[in-house]
Amino acid sequence: MSSNLTFVRLQKEELRLSKNPIKNAVVKRKGVLNFHFVLFDLDGDYTGGYYHGVLELPTDYPFSPPKLKFFTPSGRFEVDTPICTTFTNFHKESWSTAWNVETLVHATISFMQSEVRPMAIVGKCPGDEDI
């Protein structure tokens, strides 16, 4: 079960998102620890598409990073498979409590549209055998 700190923080984040929606994204909390999002009106290879994903937050959020998955095929990420980035649970050493759902969605949009195509963006990162 999530802590009171987690619950209060997520309520504030949800309220902020409802008052200040993210351009190119619809974000909705589903349950206590999951934020589903749909990205749209993206540039490049993703023009005209809609991409559904989820941020699965840990019970000790904001002290630990989320899992990130997409449910819509995009040609970049494997469907329903955790994605390796510096802001997900694959790289706990890079996590900061300054991250929030809004910044995570913005980072996901940026990461998705970046020209950089690292080899380890789908599934496990090299060396992360126990995640």
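Mentor: Helices (H or I, at least four residues) and strands (E, at least two) are DSSP runs, numbered from the N terminus. This is a predicted model, where local features need pLDDT of at least 70 and side-chain atom pairs count only at 80 or more, while totals for chains, interfaces and linings use all residues. Residues are numbered from 1 along each chain as its sequence is written, and side-chain values use heavy atoms, leaving out hydrogens and water.

Trainee: Okay, where is E78 found?

Mentor: E78 sits in the loop between β4 (67-70) and α2 (101-113).

Trainee: Why is E78 called partly exposed?

Mentor: Its relative accessible area is 47%. Buried means under 20% and exposed over 50%, with partly exposed in between (1.4 Å probe, protein chains only), so E78 is partly exposed.

Trainee: What makes the E78 and T81 side chains a polar contact?

Mentor: The contact is at 3.4 Å. The cut-off is a pair of N or O atoms within 3.5 Å; within protein, one must be able to donate a hydrogen and the other to accept it, and sequence neighbours count only if both atoms are side-chain atoms. So the E78–T81 pair qualifies.

Trainee: How do you know that α2 has close to its expected span?

Mentor: The expected span is 1.5 Å times one less than the number of residues. With 13 residues, α2 reaches 18 Å from first C-alpha to last, and 18 Å is expected.

Trainee: What do the buried residues of α2 pack against?

Mentor: Those residues, including L104 and F111, pack against α1, β1 (25-30), β2 (34-39), β3 (51-56) and β4, where contact means heavy atoms within 4.5 Å.
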